[in-house]
Amino acid sequence: MQRSKLLRYAFWAVWFVAAPLALAALAVWLLKPADATEPSGIVGQLRWLVQDQPAPAGIVLFTIFEMLLYHFRHALPFAAAAGVVGRSDLPPDLRREYERAAALLEEAERILTRKSRAVERQVPASAREELEESLEFLRSSMESERFDDDEFGAALERASRLVARHLGRWHKSELREYVESIGIAVAVALLLRAFVVEAFKIPSGSMLPTLQIQDHIFVNKFVYGPEIPFTHTRLFARLPPKRGDVLVFEYPDPNPENPRQDFIKRVIGLPGDTLEADGGHPIINGWKVPSCDVGQYDFYEGDGAGSKTGQLVMEFLGDYSYLTVYENDRYDGHQGPYHVAPGEMWVFGDNRNNSSDSRAWNNYRGGGAPFANIKGRAMFVWLSFGPDGKITWDRLLHEVLGRPVLPKGAPADIVKGIQSCLAKRPAVTTPPPPKG
C-alpha cells in the first residue's frame, strides 16, 4: 500500500506538475516570433501576444495542458501502476467505482494503521479477520490479470459494508472532510498571500500610463525574499530591487490614521546613488536616463477634472522600456540632488507631474522607502475596469513590466510612436556607479 501511494504521488507530480510546466514552456518558446516585424493574422497576433506577455501566456498554457492531461488521465502511462483508475481493460462506466475502491482501501489502511490499538480493543478478532479478508479480496479483484466486472462489484459492495460497520466510527464524516478541505484551502491561500502572491487595486493615476485606474494586479511577494508575517523581517533579504522595477510598498512615513497605506511606484534610485530630476526626467549619478518622445497623449486621472493632455515619453532604464507622461504646461523645475541612503530606494510615479513619490515626501525635501517596507513586485493585470464601470478586456493579463502598451483605442500615431521608440532603444541603459 505504501508503494502504491508513492507511485500515485509520483504519477501526479510528473503528469500534472512537471509535464504541463514543460509543455507550457515549450509552447511559449515555439510561439516566439522569429523577428520583430509587425504581426499579421490571427496566428501572428497570437505569437506576438505570447512573446509580449510570456508569464501570463505561460500560466494560461499550463492550465490548458493540465486540464487536457487530467481529462485523459486514465490513458496516461503508468496510470495502472499508480492506481489512477489504472487498468486499460477497465470499462468506462466503472472508472468512478474503481477510484472509489482505491480510496476505500487507502482509508481503511489509514485507520487500521493509525488506530490499531483502538480497533483491536473495540472490534472483535473475528470481525477484524473478516474485514481484512474482504479488503484483500477487493485488492485482488482490482489487480487480477483479467478484470471481472461482477467479481469486482461484489468485492467492493462487501468491503464497503464491512468498513462502514467496523471502522465507521473512525471514518471521516462528509462534514469533517468538507471542513478540512475548506481549512486546507484557506491555509494555502493565506500562505500564498503571505509569502508568494497578493492582489492589489490601483486607486489613482500616479502610475499612468503603465497602470490604469481600476487595474487589479497580482504582486510577486517572493521575488525580494518573503516577509515573515506581522514583521518587517525578510528571508533572503539580500535580494534588493532593480532600477525600473514596479513594486508595492508601505508608505515610509505613515499617517497615524492610515498607518498601512500601500503605494505602487517605479524604482529609480538605489543605495549610494545621487539622484536628481530635471522637470521630472531622472538623472542618476550625473547620467540622464535615456528617453524617446512618443507623442501627445490624452489621459484621465479619475479625479473629476476631466481629461488631460501630456507628452508621452518612453524611458530606458536597466532591462526595462516603459512609458511615462508629462502633463502639458507643467514643469517641476530641477529637483535634487538627493542621496539614496543604505537599505532604501527612491521611487517615481510614471505620471511624473502628478505623483506623490520620493520627490514630494518630507515636505518636498525628498525621501526614500526602506527595503523593509517592500511588499512585492508587480506581475500582471488580472482584472480591469474602465471609467464606465465595464471590464476592459484588453487590459487582462497585461504584464506590468513587459512590453509597454496603451489601452485599446489609442491613436495610431501613438502606437507607431511606441514601436519607433522601442526600435531605437539605446545600447547603454545602466547608469554609472556612484562616485566614491
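Predicted model: local features only at pLDDT ≥ 70, side-chain atom pairs only at ≥ 80, totals over all residues.
How do the residues of the lining of the second largest pocket divide into nonpolar, polar and charged?

1. Composition of the pocket lining. The lining of the second largest pocket divides into 11 nonpolar, 6 polar and 4 charged residues. The space in this pocket amounts to about 490 Å³. It is lined by 21 residues, and those closest to its centre are Gln212, Tyr297, Tyr300, Pro387 and Pro407.

2. Contribution of strand 8. Strand 8, which spans residues 291–300, gives the most to the lining of the second largest pocket, with 4 residues.

3. The disulfide. A search of the whole structure returns 1 disulfide. The partners are cysteine 292 and cysteine 421, with sulfur atoms 2.1 Å apart.

4. Burial of the two cysteines. Cysteine 292 has a relative accessible area of 13% and is buried, because buried means under 20% relative accessible area. Cysteine 421 also counts as buried, at 1% relative accessibility.

5. The cavity. The structure holds 1 cavity of 30 Å³ or more. In the largest cavity there is about 110 Å³ of space. Its lining comprises 14 residues, of which Thr210, Tyr322, Val400, Gly402 and Pro404 are the closest to its centre. Strand 10 (residues 320–327) supplies the largest share of this lining, 4 residues. By class, the lining of the largest cavity has 8 nonpolar, 4 polar and 2 charged residues.

6. The chain as a whole. The secondary structure of the chain consists of 11 helices and 14 strands. The chain has 436 residues, and 43% of them count as buried. Its accessible surface comes to about 24000 Å², with 58% belonging to carbon and sulfur atoms.

7. Contacts along the sequence. Where contacts in the chain are between residues at least 6 apart in sequence, 65% of these contacts join residues at least 24 apart.

How values were computed: Residues numbered from 1 in each chain as written. Heavy atoms only, no water. 1 Å grid on protein atoms, 1.4 Å probe; cavity = no way out; pocket = protein on both sides within 12 Å on 5 of 7 lines; lining within 4 Å. Points joined across faces, edges and corners; volume = space filled by probe spheres on them. Helix = DSSP H or I, 4+ residues; strand = E, 2+ residues; numbered from the N terminus. Nonpolar A, V, L, I, M, F, W, Y, C, P; charged D, E, K, R; others polar. Disulfide = S-S within 2.5 Å. Buried < 20%, exposed > 50% of the residue type's maximum accessible area, 1.4 Å probe, protein only. Contact = heavy atoms within 4.5 Å. Areas by Shrake-Rupley, 256 points an atom, 1.4 Å probe, with all protein chains shown as cover.
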